[in-house]
Amino acid sequence: MSDLELRARERDAADPLAAVRARFVLDEAVYLDGNSLGALPAAVPGRMEDVVRRQWGSLRIRSWDESGWWTAPERIGDRIAPLVGAAPGQIVVGDSTSVNVFKALVAAVRLARGTAGAEGGRDEIVVDATTFPTDGYIAGSAARMTGCTLRPVAPAEVPDALGDRTAAVLLNHVDYRTGRLHDLPGLTAAVHAAGAVAVWDLCHSAGALPVGLDEHGVDLAVGCTYKYLNGGPGSPAYLYVRRELQDRFDSPLPGWNSHAEPFGMRADYEPAAGAPRGRVGTPDILSMLALEAALEVWDGVSVDAVRAKSLALTDFFLECVAAYAPEGAVESLTPAAHAERGSQVALRCPDAGEVMKRLIASGVVGDYRPPDVLRFGFTPLYVGFADAERAARILADTLS
Ligand SMILES: Cc1ncc(COP(=O)(O)O)c(C=O)c1O
């Protein structure tokens, strides 16, 4: 056994999160794609059996009250809240991330303009130029709808791009391709100093590292639940609206579910108070309740412990890759500095698509992003140090 294999064993034996792995359904593959689709939590199948057979099959319509379906979006939002550093009452679960980006960004422009409206001069939306495509497309559409100009800017250059024309800024906490962690506190403060409103996309950070939404005064945030929150394919996303902004949050999608009196069936729209104002239509209950069961894996687990293990795992994986891979075969795009690293390692190499296919066939599941990036997501709840060592060893074999 090599020195690295030995060290991996020792670290797994000393890992305070090691027992959490048993809360997931896993097989012999090394699963490093939790930054795309989290593994299945063991509690989910049984819960879904009950939701489908008893709550839907027997109780039917009564379940909206008796099984707590109606209040699920805010109840599950409050379950996510401590994972992203939010006090209760500010997060609603539902719709996709894309839809929530749209709600948040248009509402952000309206918030920034306040009573001055478009005449107030704030006519620019700044967007992360390296963003996940959906955010860029939606920002473009939101700009057209609100009479703004879209300004794509690299995150590091955002502070210089801000000014009294900036209405809203849409940023990613962690870059989906490189795994780079952006400075949420500093960038939020810069956006506020310019009098603009910040919207953060937390898809690649929530559940992997501390976010501190309340602490850092974030205005609006969105995120998905199928990556590090393990909610399942297409599980609903969430929207955070800071408490002090809720009364002024003017949704561009004011559906009946966000009405102050949803069953009043009134022709005029009067928005609900609080987090429900972010709702649109009937919640996707089956996916939502699968997510609720999935979130039980967090019982007794702190985000700080997850972050500590995430950094240790990605450090160790990079060390193993450096030790095993042929010289110059891969180049890491993931920052070496902990303060700039999310929970994934992105390696650039020629023929990355083919390399990933061969890796998956050999039992190491990551993913490929064009044109030349291998992504390896480290979910500390179920990935261990022996997994990291094995993945690096098989990657090196694949490359040579
Ligand atoms: C950073 C980021 N934003 C937005 C999305 C889109 O999410 P959805 O497909 O749930 O709308 C993704 C999906 O992977 C993402 O990674």
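In an unreviewed entry, UniProt lists Thr97, Ser98, Phe132, Pro133, Thr134, Asp135, Asp201, His204, Tyr226, Trp256 and Thr282 under "binding site". These residues span 186 residues in sequence and the farthest two of their C-alpha atoms are 30.7 Å apart, so they do not all gather at one spot. Of the residues listed in the record, Thr97, Ser98, Phe132, Thr134, Asp135, Asp201, His204 and Tyr226 are included in the lining of the largest pocket. It should be kept in mind that the model shown here is predicted.

**The ligand and its shell**

Where does the ligand sit? The ligand is placed in the largest pocket, and the residues that surround the ligand are Ser96, Thr97, Ser98, Phe132, Thr134, Asp135, Asn172, Asp201, Cys203, His204, Tyr226 and Lys227. Sorted by class, this shell consists of 3 nonpolar, 6 polar and 3 charged residues. Two helices, α5 (residues 97-113) and α6 (residues 133-146), each contribute at least two residues to the shell around the ligand. Asp201, another residue of the shell, belongs to strand β8, which covers residues 197-201.

| Residue (polar side-chain atom) | Ligand atom | Distance |
|---|---|---|
| Ser98 | oxygen | 2.5 Å |
| Tyr226 | oxygen | 2.8 Å |
| Asp135 | nitrogen | 3.3 Å |

Taken alone, the ligand exposes 400 Å², and the protein buries 84% of that area. Ser98, Asp135 and Tyr226, the residues of the table, are also among those that UniProt lists for "binding site" in the unreviewed entry.

**Backbone details**

Which residues does the cis peptide bond join? The bond links Pro370 and Pro371, with an omega of about 0°, and Pro371 has its place in the loop between β14 (residues 367-369) and β15 (residues 373-377).

Note on methods. Residues are numbered from 1 along each chain as its sequence is written. This is a predicted model: local features need pLDDT of at least 70, side-chain atom pairs count only at pLDDT 80 or more; totals for chains, interfaces and linings use all residues. Side-chain values use heavy atoms; hydrogens and water are left out. A residue is near a molecule or strand if one of its heavy atoms lies within 4 Å of it. A polar contact is a pair of N or O atoms within 3.5 Å; within protein, one must be able to donate a hydrogen and the other to accept it, and residues adjacent in sequence count only if both atoms are side-chain atoms. Accessible areas come from the Shrake-Rupley method with a 1.4 Å probe; for residues, only the protein chains shown count as cover. On a 1 Å grid over the protein atoms alone, a cavity is a set of points where a 1.4 Å probe fits but cannot get out, and a pocket is an open set with protein on both sides within 12 Å along at least five of seven lines; lining residues have an atom within 4 Å of a point. A molecule sits in a cavity or pocket if more than half of its atoms lie within 2 Å of its grid points. Helices (H or I, at least four residues) and strands (E, at least two) are DSSP runs, numbered from the N terminus. Ala, Val, Leu, Ile, Met, Phe, Trp, Tyr, Cys and Pro count as nonpolar, Asp, Glu, Lys and Arg as charged, and the others, Gly among them, as polar. UniProt positions are given in the numbering used here, feature names are shortened, and annotations may be inferred rather than shown by experiment.
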